[in-house]
Amino acid sequence: MGKSIETIWKKGFLDSDSLVAPKLNDLYNQKSKTIIDKFKRMMKINIYVIMVFAFLNLGLYAALGTPYTGGLIFFLFMGVCWISIKQGRTMNNIDASLNSYDYLKSFNSWLEMAISNNTKVMRFFYPLVFLASLMPIVHALKTGEVTNATILNSGFHLVYGIPTITWIIALVTAVLIFVFGGKIYKWDVNLAYGRIFRKIENMIAEMEELRNE
Amino acid sequence: MSNDFYRLSILPHVAIVIKICRAYTNSQEDFEDYYQEVCLQIWRSKDNFKEQCEWSTWVYKISLNVCLTLLKKKKNNYQNFASDSLPEEAIVESHAFADESLNQLFDAIRQLSEVDRGVILLYLEEKSYQEIADIIGTNANNIGVRITRIKERLKKLLDGKIN
(Lines give C-alpha, C1' and ligand atoms only; values in the text may rest on other atoms or scores of the structure.)
Protein backbone atom coordinates (compact mmCIF):
# COMPACT_ATOMS: atom_id res chain seq x y z
CA MET A 1 0.00 0.00 0.00
CA GLY A 2 1.57 3.26 -1.12
CA LYS A 3 -0.72 5.77 0.58
CA SER A 4 -1.69 5.94 4.23
CA ILE A 5 -5.35 5.71 5.11
CA GLU A 6 -5.18 9.27 6.41
CA THR A 7 -3.97 10.49 2.98
CA ILE A 8 -6.63 8.51 1.14
CA TRP A 9 -9.26 9.98 3.45
CA LYS A 10 -8.13 13.59 3.04
CA LYS A 11 -7.57 13.44 -0.72
CA GLY A 12 -10.79 11.52 -1.31
CA PHE A 13 -12.91 14.14 0.37
CA LEU A 14 -11.25 17.09 -1.36
CA ASP A 15 -13.80 16.54 -4.10
CA SER A 16 -16.92 18.28 -2.80
CA ASP A 17 -19.18 16.04 -4.89
CA SER A 18 -18.17 13.13 -2.67
CA LEU A 19 -20.48 14.31 0.07
CA VAL A 20 -23.81 14.95 -1.55
CA ALA A 21 -26.62 14.41 0.91
CA PRO A 22 -29.48 12.26 -0.30
CA LYS A 23 -32.86 13.90 -0.63
CA LEU A 24 -35.07 13.45 2.39
CA ASN A 25 -38.44 12.08 1.44
CA ASP A 26 -41.42 12.64 3.69
CA LEU A 27 -39.36 12.25 6.79
CA TYR A 28 -42.33 12.26 9.15
CA ASN A 29 -43.64 9.10 7.62
CA GLN A 30 -40.37 7.29 7.27
CA LYS A 31 -40.61 3.93 8.90
CA SER A 32 -38.07 4.03 11.62
CA LYS A 33 -35.63 1.18 11.70
CA THR A 34 -33.93 1.69 14.98
CA ILE A 35 -34.19 -1.17 17.38
CA ILE A 36 -36.15 0.94 19.80
CA ASP A 37 -38.69 2.02 17.23
CA LYS A 38 -38.87 -1.50 15.91
CA PHE A 39 -39.66 -2.70 19.41
CA LYS A 40 -42.28 -0.01 19.80
CA ARG A 41 -43.97 -1.10 16.60
CA MET A 42 -43.81 -4.76 17.55
CA MET A 43 -45.15 -4.04 21.03
CA LYS A 44 -48.02 -2.03 19.57
CA ILE A 45 -48.94 -4.85 17.21
CA ASN A 46 -48.72 -7.37 20.06
CA ILE A 47 -50.99 -5.25 22.24
CA TYR A 48 -53.59 -4.97 19.47
CA VAL A 49 -53.47 -8.73 18.84
CA ILE A 50 -53.90 -9.46 22.56
CA MET A 51 -56.84 -7.03 22.76
CA VAL A 52 -58.59 -8.65 19.79
CA PHE A 53 -57.90 -12.07 21.29
CA ALA A 54 -59.35 -10.94 24.64
CA PHE A 55 -62.60 -9.83 22.99
CA LEU A 56 -62.80 -13.03 20.94
CA ASN A 57 -62.39 -15.07 24.12
CA LEU A 58 -65.17 -13.11 25.80
CA GLY A 59 -67.56 -14.12 23.02
CA LEU A 60 -66.25 -17.65 22.67
CA TYR A 61 -66.53 -18.51 26.36
CA ALA A 62 -70.01 -16.99 26.54
CA ALA A 63 -71.02 -19.19 23.60
CA LEU A 64 -69.57 -22.22 25.41
CA GLY A 65 -71.75 -21.48 28.43
CA THR A 66 -69.03 -20.06 30.72
CA PRO A 67 -69.31 -16.27 30.37
CA TYR A 68 -67.68 -15.60 33.76
CA THR A 69 -64.58 -17.52 32.69
CA GLY A 70 -64.58 -15.50 29.48
CA GLY A 71 -64.70 -12.36 31.62
CA LEU A 72 -61.77 -13.58 33.74
CA ILE A 73 -59.66 -14.34 30.65
CA PHE A 74 -60.64 -10.98 29.16
CA PHE A 75 -59.36 -9.15 32.25
CA LEU A 76 -56.18 -11.25 32.34
CA PHE A 77 -55.36 -10.38 28.73
CA MET A 78 -56.28 -6.73 29.27
CA GLY A 79 -53.98 -6.68 32.29
CA VAL A 80 -51.12 -7.89 30.10
CA CYS A 81 -51.94 -5.10 27.61
CA TRP A 82 -51.91 -2.50 30.37
CA ILE A 83 -48.50 -3.68 31.60
CA SER A 84 -47.12 -3.60 28.04
CA ILE A 85 -48.40 -0.05 27.48
CA LYS A 86 -46.78 1.09 30.73
CA GLN A 87 -43.48 -0.53 29.74
CA GLY A 88 -43.64 1.11 26.32
CA ARG A 89 -43.83 4.52 27.99
CA THR A 90 -40.71 3.92 30.06
CA MET A 91 -38.82 2.99 26.86
CA ASN A 92 -39.27 6.59 25.68
CA ASN A 93 -36.99 7.75 28.49
CA ILE A 94 -33.92 6.25 26.80
CA ASP A 95 -31.74 9.17 25.73
CA ALA A 96 -30.32 8.71 22.21
CA SER A 97 -27.66 11.36 22.81
CA LEU A 98 -25.79 9.22 25.36
CA ASN A 99 -22.46 7.77 24.31
CA SER A 100 -22.81 4.52 22.33
CA TYR A 101 -21.92 2.27 25.24
CA ASP A 102 -24.31 3.94 27.70
CA TYR A 103 -27.04 4.08 25.07
CA LEU A 104 -26.88 0.37 24.36
CA LYS A 105 -26.55 -0.41 28.06
CA SER A 106 -29.62 1.72 28.82
CA PHE A 107 -31.61 -0.08 26.19
CA ASN A 108 -30.36 -3.45 27.37
CA SER A 109 -31.22 -2.58 30.98
CA TRP A 110 -34.69 -1.61 29.91
CA LEU A 111 -35.06 -4.91 28.04
CA GLU A 112 -33.88 -6.92 31.04
CA MET A 113 -36.23 -5.04 33.36
CA ALA A 114 -39.17 -5.54 31.00
CA ILE A 115 -38.46 -9.25 30.59
CA SER A 116 -37.98 -9.69 34.33
CA ASN A 117 -41.30 -7.97 35.12
CA ASN A 118 -43.13 -9.89 32.42
CA THR A 119 -41.67 -13.16 33.66
CA LYS A 120 -43.22 -12.55 37.10
CA VAL A 121 -46.58 -11.73 35.54
CA MET A 122 -46.51 -14.65 33.13
CA ARG A 123 -45.89 -17.16 35.92
CA PHE A 124 -49.39 -16.35 37.17
CA PHE A 125 -50.92 -15.59 33.79
CA TYR A 126 -50.17 -18.95 32.13
CA PRO A 127 -51.60 -21.22 34.89
CA LEU A 128 -54.66 -19.00 35.34
CA VAL A 129 -55.42 -19.09 31.63
CA PHE A 130 -54.84 -22.85 31.64
CA LEU A 131 -57.30 -23.39 34.51
CA ALA A 132 -59.82 -21.03 32.99
CA SER A 133 -59.60 -22.82 29.66
CA LEU A 134 -60.69 -26.05 31.40
CA MET A 135 -63.95 -24.51 32.58
CA PRO A 136 -65.85 -24.96 29.29
CA ILE A 137 -64.83 -28.65 29.33
CA VAL A 138 -66.10 -29.03 32.91
CA HIS A 139 -69.30 -27.24 31.93
CA ALA A 140 -69.77 -29.48 28.87
CA LEU A 141 -69.17 -32.67 30.89
CA LYS A 142 -71.64 -31.61 33.55
CA THR A 143 -74.38 -30.52 31.20
CA GLY A 144 -74.08 -33.45 28.82
CA GLU A 145 -76.53 -36.16 29.93
CA VAL A 146 -74.37 -39.09 28.80
CA THR A 147 -71.10 -37.75 30.15
CA ASN A 148 -72.68 -36.63 33.42
CA ALA A 149 -74.25 -40.06 33.99
CA THR A 150 -70.97 -41.81 33.15
CA ILE A 151 -69.07 -39.66 35.65
CA LEU A 152 -71.68 -40.17 38.38
CA ASN A 153 -71.58 -43.94 37.85
CA SER A 154 -67.80 -44.16 37.62
CA GLY A 155 -67.32 -44.67 41.34
CA PHE A 156 -64.70 -41.90 41.55
CA HIS A 157 -64.74 -39.40 44.37
CA LEU A 158 -66.26 -36.25 42.92
CA VAL A 159 -65.80 -32.57 43.57
CA TYR A 160 -68.26 -30.23 41.87
CA GLY A 161 -69.41 -33.17 39.78
CA ILE A 162 -65.95 -33.94 38.40
CA PRO A 163 -63.60 -36.73 39.58
CA THR A 164 -61.22 -35.40 42.24
CA ILE A 165 -58.28 -36.99 40.44
CA THR A 166 -59.03 -34.78 37.43
CA TRP A 167 -58.93 -31.68 39.63
CA ILE A 168 -55.64 -32.85 41.15
CA ILE A 169 -54.08 -33.43 37.70
CA ALA A 170 -55.28 -29.99 36.57
CA LEU A 171 -53.90 -28.32 39.69
CA VAL A 172 -50.55 -30.13 39.47
CA THR A 173 -50.31 -29.09 35.81
CA ALA A 174 -51.11 -25.50 36.80
CA VAL A 175 -48.41 -25.60 39.50
CA LEU A 176 -45.91 -26.96 36.96
CA ILE A 177 -46.86 -24.19 34.54
CA PHE A 178 -46.36 -21.71 37.39
CA VAL A 179 -42.92 -23.16 38.20
CA PHE A 180 -41.79 -23.22 34.58
CA GLY A 181 -43.78 -20.13 33.53
CA GLY A 182 -40.68 -17.94 33.57
CA LYS A 183 -38.73 -20.33 31.39
CA ILE A 184 -41.64 -20.75 28.99
CA TYR A 185 -41.90 -16.98 28.64
CA LYS A 186 -38.15 -16.51 28.13
CA TRP A 187 -38.09 -19.26 25.53
CA ASP A 188 -41.00 -17.60 23.77
CA VAL A 189 -39.37 -14.15 23.84
CA ASN A 190 -36.03 -15.54 22.74
CA LEU A 191 -37.68 -17.17 19.77
CA ALA A 192 -39.01 -13.82 18.57
CA TYR A 193 -36.27 -11.39 19.59
CA GLY A 194 -33.27 -13.67 20.24
CA ARG A 195 -31.24 -12.50 17.27
CA ILE A 196 -31.59 -8.84 18.19
CA PHE A 197 -30.76 -9.59 21.82
CA ARG A 198 -27.58 -11.42 20.82
CA LYS A 199 -26.61 -8.58 18.50
CA ILE A 200 -26.95 -6.01 21.27
CA GLU A 201 -25.07 -8.23 23.72
CA ASN A 202 -22.24 -8.72 21.23
CA MET A 203 -21.90 -5.00 20.66
CA ILE A 204 -21.87 -4.29 24.39
CA ALA A 205 -19.33 -7.07 24.95
CA GLU A 206 -17.10 -5.63 22.27
CA MET A 207 -17.33 -2.17 23.81
CA GLU A 208 -16.57 -3.56 27.25
CA GLU A 209 -13.56 -5.35 25.84
CA LEU A 210 -12.45 -2.02 24.44
CA ARG A 211 -12.97 -0.30 27.79
CA ASN A 212 -10.95 -2.95 29.61
CA GLU A 213 -8.01 -3.10 27.24
CA MET B 1 -38.81 18.06 11.04
CA SER B 2 -38.80 21.60 9.69
CA ASN B 3 -36.73 22.66 6.71
CA ASP B 4 -35.05 25.25 8.93
CA PHE B 5 -33.88 22.66 11.41
CA TYR B 6 -32.49 20.49 8.61
CA ARG B 7 -30.82 23.47 6.88
CA LEU B 8 -29.36 25.07 10.01
CA SER B 9 -28.62 22.13 12.29
CA ILE B 10 -27.96 19.13 10.08
CA LEU B 11 -26.68 20.37 6.73
CA PRO B 12 -23.57 22.08 8.21
CA HIS B 13 -22.59 18.66 9.63
CA VAL B 14 -23.85 16.58 6.76
CA ALA B 15 -20.34 15.33 5.92
CA ILE B 16 -20.15 13.56 9.28
CA VAL B 17 -23.50 11.90 8.81
CA ILE B 18 -22.72 10.82 5.24
CA LYS B 19 -19.35 9.32 6.14
CA ILE B 20 -20.76 7.36 9.06
CA CYS B 21 -23.77 6.12 7.09
CA ARG B 22 -21.51 5.10 4.18
CA ALA B 23 -19.33 3.09 6.52
CA TYR B 24 -22.29 1.12 7.85
CA THR B 25 -24.02 0.35 4.57
CA ASN B 26 -23.22 -1.55 1.40
CA SER B 27 -25.71 -0.08 -1.02
CA GLN B 28 -27.09 3.31 -2.01
CA GLU B 29 -30.56 2.24 -0.91
CA ASP B 30 -29.38 1.29 2.57
CA PHE B 31 -27.28 4.42 2.77
CA GLU B 32 -30.29 6.62 2.05
CA ASP B 33 -32.38 4.74 4.63
CA TYR B 34 -29.70 5.11 7.28
CA TYR B 35 -29.17 8.77 6.41
CA GLN B 36 -32.87 9.52 6.77
CA GLU B 37 -33.05 7.65 10.04
CA VAL B 38 -30.06 9.51 11.45
CA CYS B 39 -31.55 12.88 10.47
CA LEU B 40 -34.87 11.88 11.99
CA GLN B 41 -33.22 10.80 15.22
CA ILE B 42 -31.18 14.02 15.43
CA TRP B 43 -34.40 15.98 15.12
CA ARG B 44 -36.23 13.79 17.63
CA SER B 45 -33.44 14.10 20.16
CA LYS B 46 -32.73 17.79 19.72
CA ASP B 47 -34.34 18.66 23.05
CA ASN B 48 -31.83 16.44 24.85
CA PHE B 49 -28.88 18.50 23.63
CA LYS B 50 -27.61 20.32 26.70
CA GLU B 51 -24.49 21.96 25.28
CA GLN B 52 -22.20 19.77 27.37
CA CYS B 53 -20.40 18.99 24.14
CA GLU B 54 -20.21 20.59 20.71
CA TRP B 55 -23.17 20.14 18.41
CA SER B 56 -20.94 18.32 15.89
CA THR B 57 -19.87 15.82 18.58
CA TRP B 58 -23.47 15.33 19.49
CA VAL B 59 -24.33 14.69 15.84
CA TYR B 60 -21.53 12.09 15.79
CA LYS B 61 -23.03 10.38 18.82
CA ILE B 62 -26.50 10.24 17.38
CA SER B 63 -25.23 9.09 13.97
CA LEU B 64 -23.13 6.30 15.47
CA ASN B 65 -25.85 5.19 17.86
CA VAL B 66 -28.42 5.00 15.10
CA CYS B 67 -26.08 3.16 12.71
CA LEU B 68 -24.98 0.77 15.44
CA THR B 69 -28.54 -0.15 16.27
CA LEU B 70 -30.01 -0.26 12.81
CA LEU B 71 -30.79 -3.84 12.00
CA LYS B 72 -32.18 -4.38 8.60
CA LYS B 73 -34.30 -7.27 7.50
CA LYS B 74 -32.84 -7.58 4.05
CA LYS B 75 -32.15 -11.02 2.69
CA ASN B 76 -28.93 -10.08 1.03
CA ASN B 77 -27.64 -7.84 3.78
CA TYR B 78 -25.34 -9.89 5.97
CA GLN B 79 -23.56 -6.83 7.27
CA ASN B 80 -25.63 -6.24 10.36
CA PHE B 81 -25.66 -9.76 11.64
CA ALA B 82 -22.16 -11.05 11.06
CA SER B 83 -19.93 -8.19 10.15
CA ASP B 84 -16.88 -9.78 11.73
CA SER B 85 -17.24 -12.88 9.63
CA LEU B 86 -18.63 -11.21 6.57
CA PRO B 87 -17.75 -13.31 3.54
CA GLU B 88 -15.88 -11.39 0.88
CA GLU B 89 -18.50 -12.11 -1.75
CA ALA B 90 -21.14 -10.47 0.47
CA ILE B 91 -19.45 -7.09 0.22
CA VAL B 92 -21.13 -5.14 -2.51
CA GLU B 93 -18.48 -3.24 -4.39
CA SER B 94 -19.01 0.39 -3.59
CA HIS B 95 -18.70 3.20 -6.11
CA ALA B 96 -20.11 5.87 -3.85
CA PHE B 97 -17.18 8.25 -4.31
CA ALA B 98 -15.36 9.57 -7.35
CA ASP B 99 -12.03 8.63 -5.81
CA GLU B 100 -11.40 4.90 -6.30
CA SER B 101 -8.93 4.73 -3.41
CA LEU B 102 -11.56 6.16 -1.10
CA ASN B 103 -14.08 3.57 -2.27
CA GLN B 104 -11.59 0.82 -1.49
CA LEU B 105 -10.88 2.31 1.91
CA PHE B 106 -14.61 2.35 2.68
CA ASP B 107 -14.94 -1.25 1.49
CA ALA B 108 -12.17 -2.17 3.91
CA ILE B 109 -13.75 -0.17 6.75
CA ARG B 110 -17.02 -2.03 6.19
CA GLN B 111 -15.22 -5.27 6.91
CA LEU B 112 -14.38 -4.08 10.42
CA SER B 113 -16.67 -4.70 13.37
CA GLU B 114 -19.35 -2.07 14.03
CA VAL B 115 -17.46 -0.52 16.93
CA ASP B 116 -14.14 -0.45 15.10
CA ARG B 117 -15.80 1.30 12.20
CA GLY B 118 -16.97 4.05 14.53
CA VAL B 119 -13.54 4.38 16.11
CA ILE B 120 -11.64 4.65 12.83
CA LEU B 121 -14.14 7.12 11.33
CA LEU B 122 -13.72 9.41 14.31
CA TYR B 123 -9.95 9.02 14.10
CA LEU B 124 -9.93 9.89 10.39
CA GLU B 125 -12.08 12.90 11.17
CA GLU B 126 -9.20 14.01 13.40
CA LYS B 127 -11.11 13.72 16.63
CA SER B 128 -8.83 13.47 19.67
CA TYR B 129 -8.54 10.17 21.55
CA GLN B 130 -10.45 11.77 24.40
CA GLU B 131 -13.28 12.88 22.10
CA ILE B 132 -13.45 9.42 20.54
CA ALA B 133 -13.51 7.86 23.99
CA ASP B 134 -16.31 10.21 25.07
CA ILE B 135 -18.38 9.41 22.01
CA ILE B 136 -17.86 5.65 22.13
CA GLY B 137 -18.00 5.44 25.92
CA THR B 138 -14.54 4.17 26.84
CA ASN B 139 -11.28 5.69 28.02
CA ALA B 140 -8.70 7.45 25.87
CA ASN B 141 -5.83 5.03 26.60
CA ASN B 142 -7.68 2.11 25.03
CA ILE B 143 -8.50 4.08 21.94
CA GLY B 144 -4.85 4.50 20.93
CA VAL B 145 -4.19 0.77 21.12
CA ARG B 146 -7.36 -0.04 19.26
CA ILE B 147 -6.61 2.46 16.48
CA THR B 148 -3.18 0.90 15.94
CA ARG B 149 -4.81 -2.52 15.56
CA ILE B 150 -7.51 -1.21 13.24
CA LYS B 151 -4.93 0.50 11.04
CA GLU B 152 -2.93 -2.72 10.81
CA ARG B 153 -6.09 -4.60 9.83
CA LEU B 154 -6.97 -1.95 7.22
CA LYS B 155 -3.44 -2.09 5.89
CA LYS B 156 -3.79 -5.84 5.38
CA LEU B 157 -7.19 -5.46 3.77
CA LEU B 158 -5.92 -2.77 1.41
CA ASP B 159 -2.57 -4.40 0.74
CA GLY B 160 -1.93 -4.47 -3.00
CA LYS B 161 -5.18 -2.73 -3.86
CA ILE B 162 -4.00 0.85 -3.59
CA ASN B 163 -0.86 2.31 -5.05
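How many disulfides does a search of the whole structure find over all chains? The search finds 0. The model shown in these views is predicted.

**View 1. Helix α1 of chain A meets helix α6 of chain B.** The crossing of α1(A) past α6(B) is right-handed.

**View 2. Side by side: the residues in the contact of α1(A) with α6(B).** From α1(A) come I5(A), E6(A) and W9(A). From α6(B) come I120(B), L121(B), Y123(B) and L124(B). These residues divide into 6 nonpolar, no polar and 1 charged.

View 3. C21(B) is in none, and its nearest cysteine sulfur belongs to C67(B), 4.1 Å away. A disulfide needs the sulfur atoms within 2.5 Å. At 4.1 Å, the sulfur of C67(B) is therefore too far from that of C21(B) for a bond.

**View 4. Buried or exposed: how do C21(B) and C67(B) count?** The cut-off for buried is under 20% relative accessible area. C21(B) has 0% relative accessibility, so C21(B) counts as buried. C67(B) has 2% relative accessibility, so C67(B) counts as buried too.

Conventions: Residues are numbered from 1 along each chain as its sequence is written. Chains are lettered from A and ligands numbered from 1 in the order in which they are written. This is a predicted model: local features need pLDDT of at least 70, side-chain atom pairs count only at pLDDT 80 or more; totals for chains, interfaces and linings use all residues. Side-chain values use heavy atoms; hydrogens and water are left out. A crossing is left-handed if the near helix is turned anticlockwise from the far one by less than a right angle, and right-handed if clockwise. Helices (H or I, at least four residues) and strands (E, at least two) are DSSP runs, numbered from the N terminus. Contact means heavy atoms within 4.5 Å. Ala, Val, Leu, Ile, Met, Phe, Trp, Tyr, Cys and Pro count as nonpolar, Asp, Glu, Lys and Arg as charged, and the others, Gly among them, as polar. Buried means under 20% relative accessible area, exposed over 50%, partly exposed in between (1.4 Å probe, protein chains only).
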